[in-house]
Amino acid sequence: MSVVDVTEATFASEVLERSRSVPVVVDFWAEWCGPCRTLGPLLEQAAQERDGDVVLAKLDTDANQRLAAEFQIQGIPAVKAFRDGRVTAEFVGAQPKPVVEQFFDALLPSEADLLVGRGDEQSLREALTLQPGRADAAVALARLLLARGDRVQALAALEPVRGSFQADGLSSRLRLEGDGLLADAFSALDLGATQDGLDLLLAAMADPNGHRDDVRRVIVGELDALGNEHPLAREVRRRLATLLY
């Protein structure tokens, strides 16, 4: 369904949770609002034309005042786009059709996004051709290359990436492996024994062998992959801070 009515009771499931799999645009409107009656049909048409790739959720601010206050709605119509449970784009006031169309199109996955989603080597290389240095594509490609033992190409795939904890961590792992270090830790990580692998890496932080920074980057990369709210990530982050400071 491309267009749904939502309330305070259904907002969490219909907007926040659903936005983890598909972009959700919320139309904050009210019956008495003239501009809302102008904008509403344009929003509905845009959602329907995208055939489920973007969902429009309509929320009556008069009937759901708590949500309107929570999202600081001061003027309507107000439109907010949600992805992964948070607002990623928004505008206020009636807009012409071209602006509405552009707003919806910006929420759709790009060709590179789709290629990364496929996850095979050829698709990842094509994504990097479209967006050189794209972190998620480079990390995924490097992991595929590492799995088949091609460390030189894996490092080459990661080299253009900037500002990615996972890319930095994987590059450091490749350097450490090249020196024959921490094989047990990396084997544990590859087998899914993440806690065991991280325990071994933390223990290596106490070894003054000149590789402390690379080990730290590997740990930080693994924590980034786990996510900030993962219990193990919180525990290891605390232990790492104790070792560093």
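User: At what angle do the axes of helix α2 and helix α4 cross?
Analyst: One thing before that: this is a predicted model. The two axes cross at roughly 40°. They come within 10 Å of each other. Look at residues 34-49 for α2 and residues 97-105 for α4.

User: What does that make α2 to α4, oblique or roughly parallel?
Analyst: Oblique. Angles under 35 degrees count as roughly parallel, and the crossing is at roughly 40°, so α2 is oblique to α4.

User: Is the crossing of α2 and α4 left-handed or right-handed?
Analyst: Right-handed.

User: Which residues meet there, α2 against α4?
Analyst: From α2 you have L39, L42, L43, Q45, A46, A47 and E49. On the α4 side they meet K97, V100, E101 and F104. By class, that contact has 7 nonpolar, 1 polar and 3 charged residues.

User: Next pair. How do α8 and α9 cross, at what angle?
Analyst: At roughly 150°, with the axes coming within 10 Å. Helix α8 covers residues 151-158, and α9 covers 165-178. The two helices are therefore roughly antiparallel to each other. The cut-off for that word is an angle over 145 degrees.

User: And the hand of the α8 and α9 crossing, left or right?
Analyst: Left-handed. In the contact, R151, A154, L155 and L158 of α8 meet A167, L170, S171, L174 and E177 of α9. Those residues divide into 6 nonpolar, 1 polar and 2 charged.

User: What about α11 and α12, how do their axes cross?
Analyst: Also at roughly 150°. Here the axes come within 9 Å. Helix α11 is residues 194-204, and α12 is 212-226. So α11 and α12 are roughly antiparallel to each other. The crossing is left-handed.

User: Which residues of α11 meet α12?
Analyst: T194, L198, L201, L202 and A204. Their partners in α12 are V215, V218, I219, E222, L223 and L226. The classes come out as 9 nonpolar, 1 polar and 1 charged.

User: Switching topic: holes. How many cavities of 30 Å³ or more are there?
Analyst: The count is 1. The largest cavity has a volume of about 50 Å³.

User: What lines the largest cavity?
Analyst: R143, Q166, G169, L170, R173, V218, G221 and E222. Some of these came up before. L170 is in the contact of α8 with α9. V218 and E222 are in the contact of α11 with α12.

User: Which helix gives the most to that lining of the largest cavity?
Analyst: Helix α9, with 4 residues. α9 and α12 each supply at least two. The lining divides into 2 nonpolar, 3 polar and 3 charged.

User: And the largest pocket, how much space lies in there?
Analyst: About 270 Å³. Its lining is S19, R20, S21, V22, P23, D53, R83, D84, R86, T88 and P109. By class, that is 3 nonpolar, 3 polar and 5 charged residues.

User: Now the backbone. Where is there a cis peptide bond?
Analyst: Between I76 and P77, with omega at about 5°. P77 lies in the loop between α3 and β4. That loop sits between 65-70, which is α3, and 78-83, which is β4.

User: What else turns up in the loop between α3 and β4?
Analyst: Q72 has its place there. Its phi is near 55°, a positive value in a residue other than glycine.

User: Why point those two out?
Analyst: Because most residues other than glycine have a negative phi, and most peptide bonds are trans. Q72 has a positive phi, and the bond joining I76 and P77 is cis.

How values were computed:
Residues are numbered from 1 along each chain as its sequence is written. This is a predicted model: local features need pLDDT of at least 70, side-chain atom pairs count only at pLDDT 80 or more; totals for chains, interfaces and linings use all residues. Side-chain values use heavy atoms; hydrogens and water are left out. On a 1 Å grid over the protein atoms alone, a cavity is a set of points where a 1.4 Å probe fits but cannot get out, and a pocket is an open set with protein on both sides within 12 Å along at least five of seven lines; lining residues have an atom within 4 Å of a point. Grid points are joined across faces, edges and corners, and a volume is the space filled by probe spheres set on the points. Ala, Val, Leu, Ile, Met, Phe, Trp, Tyr, Cys and Pro count as nonpolar, Asp, Glu, Lys and Arg as charged, and the others, Gly among them, as polar. Axes are lines fitted to C-alpha atoms, for helices over the stretch in contact, and angles run from 0 to 180 degrees between N-to-C directions. Angles under 35 degrees count as roughly parallel, over 145 as roughly antiparallel, 65 to 115 as roughly perpendicular and the rest as oblique. A crossing is left-handed if the near helix is turned anticlockwise from the far one by less than a right angle, and right-handed if clockwise. Contact means heavy atoms within 4.5 Å.
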